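Thanks for making the time this morning.

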Amino acid sequence: MLIAEEEEEESRGAGGHLVRQPPETGSVRKGCDPFAQTQRSKLQHRRARINQQINKEMRMRAGAENLFRATSNHKVKETVALELSYVNSNLQLLKEELEELNSCMDVYQNDSEAISVPMIPLGLKETKELDLMVPLRDFICEHYGEDGALFDKEIREFMELRQAMRTPSRNEAGLELLMEYYNQLYFLDNRFFPPSKNLGVFFHWYDSLTGVPSHQRALAFEKGSVLFNIGALHTQIGARQDRTTLQGVDRAIDAFQKAAGAFNYLKENFSNAPSLDMSAPSLNMLVHLMIAQVQECVFEKVTLIHAQDDFLTQLQIAQEAARVEDVYSLVHQTMTQAHVKGYVPFSWTTMVHVKSEHFKALSHYYTAIALCDCPVASDADLPEHEKVFIQFHVTMPEGPCLRVLLQDQEERRKLGKAHLKKAIMRHEEAMRIHGLCKILRKMDILQEVLSFAHKRSLSKYSDIDHEEDFFETGDAPDIHPKTHQRPEIKSPNFSQVKVTDIFHRLGPLTVFSAKNKWHPARKVHLVRGESGFGFTLRGDSPVLIAGVIPGGCAAEAGLKEGDFIISVNGKDCRWSKHAEVVQLLKSVGEDGVELGLITLQSSEVQNMMDRKSAAMSSGGGLLKNNKENSRKSLMNNKSASTLLAWKKSKRSKNSTYSLPFAAVGHNEATY
């Protein structure tokens with residue numbers, strides 16, 4: 001007997017990765033203790049409290065505004081107007097308090113005693129608790145024809161996973177927890193969110209920076225918010241690294257690159273977000289910010305690797321510093337654009353501006369060190385020095401020719417003095433900008449970094465300044481930015497965390513999903529005739545009745561082509577392989593066999609046949625488009641509410657669909 005090629009027991013999950021089905025163990029990952037009194041947890045608790053207060057004040061304001069518009073009584077209008085001014089004042093105070101919390105960068109930095117420039121981390125988005133017990137029970141009963149109470153364990157497991165992901169630990173375990181929940185949302189979407197109907201559940205999330213609440217029925221909003229928190233957690237992990245060691249710098253670079261990848265993935269795959277922190281301009285700003293912090297880490301790495309004071313090394317460090325200044329200037333421009341200017345905390349904008357000036361000063365300082373402290377090049381090294389130096393400045397410095405400049409110690413001192421003068425000016429500008437922000441003035445470590453760099457440049461200027469210098473120090477040209485390690489944007493690797501569909505007992509997703517509809521399950525009793533049962537089987541998980549022989553036992557009992565076998569003599573066969581079902585049929589005695597069958601409604605059957613044909617013509621590939629905002633209901637709904645909906649991205653022309661059964665072989669098994 002020939003058996004058709006069997007389908008893999010693995011199904012494809014979020015991000016196109018393979019997820020093995022179906023072991024019986026649940027998630028072992030847990031969140032942090034929500035009552036643990038760490039500095040970070042206290043900060044997050046204060047943020048959650050402020051979010052709730054902002055939500056309350058906004059609801060009060062909405063009610064007062066409605067009353068103000070509805071009433072014609074002047075006294076009532078005056079009272080409501082007074083109440084509105086009070087509410088708006090409270091909202092402003094709460095938003096200022098939240099901005100100060102978002103500017104508490106010290107909590108997320110490392111505990112090392114070494115002085116290093118602090119990084120900008122993001123706080124996590126907060127969400128409300130969600131009770132899915134009744135909605136999922138009802139959907140299982142209505143759509144799948146099962147007793148929803150029998151799946152209480154699975155529903156509780158999913159709700160516990162969601163509760164845990166609200167408080168992830170600030171390490172790899174926390175990232176895996178968020179990834180696991182994100183991947184489970186792929187299965188939840190396919191199991192319980194049909195294209196033409198919503199589950200009646202609202203997902204509530206608070207804006208990361210303003211605390212303004214948003215809610216949507218679309219599961220895409222939940223996915224996007226979790227993905228945002230994955231990026232935010234990467235920023236916290238990156239900020240806590242000890243960047244005075246190579247290992248710490250490399251970990252910080254990796255974390256910030258992954259944060260940039262998460263925000264960039266969110267920007268490219270989701271749109272029309274209801275909260276500002278997930279809008280395209282904000283995400284674009286965050287991607288640029290993460291790239292700048294990566295570039296800053298690369299600069300620190302270069303200073304750690306190249307401790308020697310040779311001429312070319314100092315020039316390389318100067319160009320790395322110029323590159324950091326260049327990317328922070330771009331971030332500052334992005335933060336001051338109209339769409340995000342009033343949204344980004346003032347402390348962030350100021351910090352970015354300070355860093356831009358600080359690293360510009362460092363680029364001139366290291367150039368001066370190269371010119372004044374490093375020995376004149378030998379005749380053998382001179383050509384290489386000339387080659388590097390001719391491309392070093394944005395414009396060539398005034399004075400003698402390049403060869404004379406590099407070989408004459410006095411000319412080098414003059415140019416070095418000009419660079420130091422510019423370095424001191426930029427240091428002072430950085431300190432002036434730093435002093436404009438009340439929150440940054442409280443950051444002792446940043447004050448120490450700026451003060452140390454300024455004093456170092458002043459000391460060096462004093463060393464090379466001679467009393468007999470009567471020439472006027474010229475204006476040093478800017479340094480051409482250059483880096484030996486360009487930052488990467490590392491997109492989330494969803495296959496990193498393997499998950500099992502919590503609701504796998506419902507059956508394989510290829511058939512038992514929210515988008516498919518089928519007639520009520522029926523039971524058929526068959527007795528083997530002289531020529532067998534009279535039907536052919538194909539595929540597995542579940543096995544399909546590919547054909548029914550006219551006049552045979554199966555035809556008389558009412559079996560139809562396209563039926564799926566879900567049980568044999570009471571044994572559940574939804575996940576059974578072809579060979580397992582065949583073995584069960586072979587063992588049938590004279591009493592016959594009772595088959596549990598389901599029949600997909602005609603449109604679903606036709607769609608599956610079309611997919612089968614498409615897959616066979618393209619070589620049977622099982623690719624799946626991974627655009628996260630492909631919820632069809634959001635496109636079908638033409639009401640005004642779609643203004644807050646997530647857009648559906650265009651499906652790739654090359655994408656195909658997973659088949660409900662394995663590709664058909666030339667021969668089918670007949671029974």
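Helices H7 and H8 are roughly antiparallel to each other, a label given to angles over 145 degrees, whereas angles under 35 count as roughly parallel, 65 to 115 as roughly perpendicular and the rest as oblique. H7 covers residues 246–269 and H8 residues 280–305, and the two pack at an angle of about 165° with their axes 9 Å apart. The residues of this contact divide into 20 nonpolar, four polar and three charged, where Ala, Val, Leu, Ile, Met, Phe, Trp, Tyr, Cys and Pro count as nonpolar, Asp, Glu, Lys and Arg as charged, and the others, Gly among them, as polar. H7 passes H8 in a left-handed crossing, meaning that the near helix is turned anticlockwise from the far one by less than a right angle, while clockwise would be right-handed. The axes are lines fitted to C-alpha atoms, for helices over the stretch in contact, and the angles run from 0 to 180 degrees between N-to-C directions.

Before I go on, please keep in mind that this is a predicted model, in which local features need pLDDT of at least 70 and side-chain atom pairs count only at pLDDT 80 or more, while totals for chains, interfaces and linings use all residues. Residues are numbered from 1 along each chain as its sequence is written, and side-chain values use heavy atoms, with hydrogens and water left out.

Leaving aside its neighbours within four places in sequence, lysine 301 is in contact with Leu246, Val249, Asp250, Ile253 and Gln485, contact meaning heavy atoms within 4.5 Å.

With neighbours within four places in sequence set aside, lysine 422 is in contact with His364, Asp475, Ala476 and Asp478.

Let me turn to another helix pair, H11 (residues 346–373) and H16 (residues 444–464), which pack at an angle of about 30° with their axes 11 Å apart. That angle makes H11 roughly parallel to H16, and their crossing is left-handed. On the H11 side the residues that meet H16 include Met351, Tyr365 and Asp373, and on the H16 side they include Leu446, Arg456 and Ile464. By class, the residues of the contact of H11 with H16 divide into 12 nonpolar, two polar and three charged.

The next pair is H3 and H5, the latter being residues 172–192, whose axes come within 11 Å and cross at roughly 50°; H3 and H5 are therefore oblique to each other. Leu136, Phe139, Ile140 and Tyr144 of H3 make this contact with Leu188, Arg191 and Phe192 of H5, which gives six nonpolar, no polar and one charged residues.

In the loop between helices H2 (74–102) and H3 (133–144) sits leucine 130, which counts as buried at 17% relative accessibility. Leucine 130 and phenylalanine 203 are 73 residues apart in sequence, yet 7.6 Å apart in space, C-alpha to C-alpha. Phenylalanine 203 in turn stands opposite glutamine 216 in E4, and strands E3 (residues 203–206) and E4 pair in the antiparallel sense over four bridges, pairing being assigned if DSSP finds at least two bridges between two strands.

Now to strand E8, residues 563–568, where six of its six residues are buried. Which strands join E8 in the antiparallel sense through five bridges and through two? Five bridges join E8 to E10, residues 593–599, and two bridges pair E8 with E9, residues 571–572. Strand E7, residues 543–548, also runs antiparallel to E8 and is joined to E8 by two bridges.

Finally, the overall figures: the chain comes to 20 helices and 11 strands, helices (H or I, at least four residues) and strands (E, at least two) being DSSP runs numbered from the N terminus. Buried residues make up 52% of the 671 residues in the chain.

Technical notes: Buried means under 20% relative accessible area, exposed over 50%, partly exposed in between (1.4 Å probe, protein chains only).
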